[in-house]
Amino acid sequence: MDQMLSDAKKIIHDAIQASLPDEAVKKAICGKNFDFQGKVIVIAIGKAAWNMAKATAENIPHKIDTGIVLTKYDHSQGRIPGFTILEAGHPLPDENTISGTKKIIEAVSDLTEKDTVFFLVSGGGSALFEKPAGSLGLTDFLDITDQLLKCGADIVEINTIRKHLSAVKGGRFAELCAPAKVCCIALSDILGDRPDSIASGPACADASTSAEAFAVVEKYDLQLTEEMKTQLAKETPKSLSNVTMEITGSVTQLCQDAAAIAKELGYTPMILTNMLDCEAKEAGKFLASIAKTIRKDGLPLKPPCAIICGGETIVRITGKGKGGRNQELALSAAESIAGMEGVVVAAAGSDGTDGPTDAAGGIVDGNTRSALEKKGISIPAVLAENNSNHALAEADALIMTGPTGTNVNDIYLLLCQ
C-alpha cells in the first residue's frame, strides 16, 4: 500500500507540475506578431497570476510600461521587475480585492487605440478582481458570495450572478480598457472551457443574460437587496471589438499528463471524464463503486490500472467544520472502500488549496476508515459536519503541495492493483 500511495502522490504532483503556466504563456506569446505602437500594460489576476506575469515579462518582445499582479494571499513568489505585486482574499473578496482592482482600473484608464493591455487570467479571478457595480459595496458581495458558495450552485451559476453585479466582470473590464487593444491569455478552470466564465469573463463578451441570473436567484432562493436586483437587471456587454483571447491550459491537459505518468509507473490508464461536476461526497462513492467493479469483473480495466477524472465538484454546507470539496470526496470514498486491499483514491486541487484550508486534497485507502475508528472518528458524522480536514489530518491522509502557481480544476485518481 505504501508504494501505491507514493505512486498516487507522484501522479498528481507531476501532472500538476506539467500544467504550470510558464510554458503555456510562453507558447501563447512567442512567435506572435504583436503590433506594438504605444504603451504595453500587463495585468495578471487569479491564483496563477504571479507565474503568468513572470513568464510574460521574460518573453514579451517589448518594454512593459506598467505591470500589476493581483493574486491570492501567499501565492506570489517574490519581485518581478517593473510589476506591482498585490494580494487579496479568496474564496471571499476583501478590502484588498477592492483596492487592488482600483489600482488596475487606474492603470488602464486614459489609454489610446495604439496601446496594448496583456490581460492574464486564471482561476480565482472572480473573487480577487472586483469592483461592485452601482452603489453596491464589499459587504453586499460578501453576502451574495457566501450564499452562492453554501447553496450548492455550480461555478457557471455563481459567475452568472457575479458578472451582473460587477463593474469589471462580464466584459466590462475590456470596455474600461477601450480603445486600447486587449490580448487576453487564460488558464481555464471552467468545465468545457467556456471563455466568458473563466474568472467571470472580465475581457470576454458575456453569453449569460439578466434573465438567467434571476433564474439562479429563484432556483436557490437567494436573498437580494433592491440594489442587487437593479444591477442584475442590467445586461452585460454582448460584443467586444478590442479583444483577442487564447485559452492556454485546462483540465483536459492535466488529465492527459496524469495518464501518461500513470502509464510510466506501470498502470493501464483511462481518463473517464474531465467534466465531473456532481456533489463531492457522491463523486467519492462513484469512484469507490468503480473500484468494486474492477475487483469483481475487471471492468472497465483489469488491474493494475488508473482511473483518472477531472472536474470540479460541489459541497453543500450542512455543518460548521473545516474542509474542502476534494477532502470530502476522498473521505467519502474511504467509507466505501473500507477493507479493500490494493485500492487508493486521491483527489486534489491543481492550485494546491482546497476550500479554506492549506491542503490540496486527500488520499485514502482501504485502511483509512479503520484508522479513524480507532481514534473514535466516524466518517458519516464528520461529513455531516463538513469537517473532513480534521479527520484526514488524523489519518495522515492530507495531500499538501502548497500553492502551485496554476489553477486548472481538480484531479481525481483511483489506483487498483
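In which loop is Ser 200 found? Ser 200 sits in the loop between S5 and helix H9, residues 210–220. Good morning, colleagues. Please keep in mind throughout that this is a predicted model.

I begin with the backbone. Most residues other than glycine have a negative phi, and most peptide bonds are trans. Ser 200 is not a glycine, yet its phi is positive, at about 65°. The peptide bond from His 90 to Pro 91 is cis, with omega near 10°. Pro 91 belongs to the loop between strand S3, residues 83–88, and helix H4, residues 95–107. A cis peptide bond also runs from Ala 178 to Pro 179, again with omega near 10°. Pro 179 lies in the loop between helix H8, residues 172–177, and strand S5, residues 181–187.

Pro 91 leads me to the pockets. The largest pocket has a volume of about 1,100 Å³. Its lining comprises 50 residues, and those closest to the centre are Pro 91, Leu 149, Glu 312, Arg 325 and Gly 355. Which of the elements gives the largest share of the lining? That is H7, with five residues. Sorted by class, the lining of the largest pocket holds 16 nonpolar, 20 polar and 14 charged residues.

The second largest pocket has a volume of about 260 Å³. Lining this pocket are 16 residues, and nearest its centre lie Ala 18, Ala 24, Thr 248, Gly 249 and Gln 253. At least two lining residues are supplied by each of helix H1 (2–18), helix H2 (21–29) and strand S6 (243–249). The classes here are six nonpolar, six polar and four charged residues.

Helix H1 also takes part in a helix packing. Two packed helices are described by the angle between their axes and the distance between the axes. For H1 and helix H11, residues 251–264, the angle is about 135° and the axes are 8 Å apart. H1 is therefore oblique to H11. The crossing of these two helices, H1 and H11, is right-handed. On the H1 side, the contact is made by Lys 10, Ile 11, Asp 14, Ala 15, Ile 16 and Ala 18. On the H11 side, the contact residues are Leu 254, Asp 257, Ala 258, Ile 261 and Ala 262. By class, the contact of H1 with H11 has eight nonpolar and three charged residues, with no polar ones.

Finally, I turn to the cavities. How many cavities of 30 Å³ or more are counted? The count comes to one. The largest cavity has a volume of about 40 Å³. Lining the largest cavity are Phe 119, Val 121, Cys 184, Pro 195, Ile 198, Gly 201, Pro 202, Ala 203, Cys 204 and Met 245. By class, this lining consists of nine nonpolar residues and one polar residue, with no charged ones.

Thank you for your attention.

Key: Residues numbered from 1 in each chain as written. Predicted model: local features only at pLDDT ≥ 70, side-chain atom pairs only at ≥ 80, totals over all residues. Heavy atoms only, no water. 1 Å grid on protein atoms, 1.4 Å probe; cavity = no way out; pocket = protein on both sides within 12 Å on 5 of 7 lines; lining within 4 Å. Points joined across faces, edges and corners; volume = space filled by probe spheres on them. Helix = DSSP H or I, 4+ residues; strand = E, 2+ residues; numbered from the N terminus. Nonpolar A, V, L, I, M, F, W, Y, C, P; charged D, E, K, R; others polar. Axes fitted to C-alpha atoms, helices over the stretch in contact; angles between N-to-C directions. Parallel < 35°, antiparallel > 145°, perpendicular 65-115°, else oblique. Left-handed = near helix turned anticlockwise from the far one by under 90°. Contact = heavy atoms within 4.5 Å.
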